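The sequence and the structure are shown below.

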Amino acid sequence: MAYNDNRNNRRRGEEEAPSEFSEKVVALNRVSKTVKGGRIFKFAALCVVGDGKGRVGYGLGKAGEVSEAIRKGIEDAKKHVVTITVQGTTIPHEVTGLFGAGKVLLKPAPPGTGVIAGGAVRAVVEAAGIRDVYTKCLRSNNPQNVVAATMVGLRSLRNARQVAAYRGKTAEEVRG
C-alpha cells in the first residue's frame with residue numbers, strides 16, 4: 001500500500017512564495033509551569049524580519065514547540081513592519097530609543113565602519129539594511145526590551161527633508 005509522504009500543512013495548489021524579508025530569531029526562551037503531574041514546558045521566540053532596504057519589524061511567538069513559536073514570531077513580525085529613514089549606509093543622526101527598562105543609543109558611523117552592536121540590536125539594524133552604525137545598550141540587556149527600544153529609536157529618525165516639511169521650511173534652511 002502506498003502512503004502519501006507529503007506531510008506539510010499547505011493546501012493543494014498553494015506553494016510557498018519566496019519571502020522578500022530576511023528572518024532572524026533573536027531570542028528563544030523556555031518557560032515552565034509546574035502542575036500536579038509535573039512540569040509543562042512552553043517556548044517563546046523573539047523574531048526580527050527586514051528587507052535590508054529600510055523596512056523592519058519584530059514579533060513574539062509563543063507555543064508548545066520551538067518551530068511553532070518561531071513561525072508565530074515571524075508572522076507577528078511581518079504584521080508589524082515599519083519603514084525607517086536611512087541615509088546611505090548609516091542613519092541620519094544620533095538617537096536614543098527607550099522602551100521599558102531598555103535604553104539603546106544609536107550613532108551614525110562613517111562608511112566602512114560596520115555594525116558595532118550587540119546581539120539583539122545587531123539583528124534589528126542588519127535586518128533594516130543599516131551597514132555602518134555605532135550602538136550601545138545603556139540599561140537593560142533583556143532582548144525583548146532591547147529590540148523594542150531599538151525599534152523606537154529607529155522609528156524616530158528623520159532626515160533634513162522630513163524635518164523641513166514639518167516646519168514649513170526648505171531643507172537648506174534647516175541645515176543652516
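In this predicted model, the side chains of Arg55 and Asp51 meet in a salt bridge, with 3.9 Å from N to O. Asp51 counts as buried because its relative accessibility is 18%, and the cut-off for that class is under 20% relative accessible area. Arg55, at 29% relative accessibility, counts as partly exposed.

Arg55 also meets the side chain of Glu20 in a salt bridge, at 3.5 Å from N to O. This pair links distant parts of the chain, since Glu20 belongs to the segment before strand 1 (22-35) while Arg55 lies in strand 3 (residues 55-63), and 35 residues set them apart. Glu20 has a relative accessibility of 55% and therefore counts as exposed, the cut-off for exposed being over 50%.

A further salt bridge brings together the side chains of Glu75 and Arg71, at 2.5 Å from N to O. Both residues of this pair, Glu75 and Arg71, are found in helix 1 (residues 66-79), where they are 4 residues apart, or about one turn of the helix. Glu75 is partly exposed at 38% relative accessibility, and Arg71 is likewise partly exposed, with a relative accessible area of 37%.

| Salt bridge | N to O distance |
|---|---|
| Glu20 and Arg55 | 3.5 Å |
| Arg55 and Asp51 | 3.9 Å |
| Glu75 and Arg71 | 2.5 Å |

Strand 1 pairs with strand 2 (residues 38-50) in the antiparallel sense, over 13 bridges, and the two form a hairpin with 2 residues between them. Within this pairing, Asn29 stands opposite Ala44 of strand 2.

Strand 2 is in turn joined to strand 3 by 8 bridges, and these two strands also run antiparallel. Here Phe43 stands opposite Ala63, a residue of strand 3. The hairpin of strand 2 and strand 3 has 4 residues between the strands, and in this hairpin Gly52 takes a positive phi near 75 degrees. As background for reading such pairings, side chains in a regular strand alternate between the two faces of the sheet.

Conventions:
Residues numbered from 1 in each chain as written. Predicted model: local features only at pLDDT ≥ 70, side-chain atom pairs only at ≥ 80, totals over all residues. Heavy atoms only, no water. Salt bridge = Lys/Arg side-chain N within 4 Å of Asp/Glu carboxyl O. Buried < 20%, exposed > 50% of the residue type's maximum accessible area, 1.4 Å probe, protein only. Pairing = 2+ DSSP bridges.
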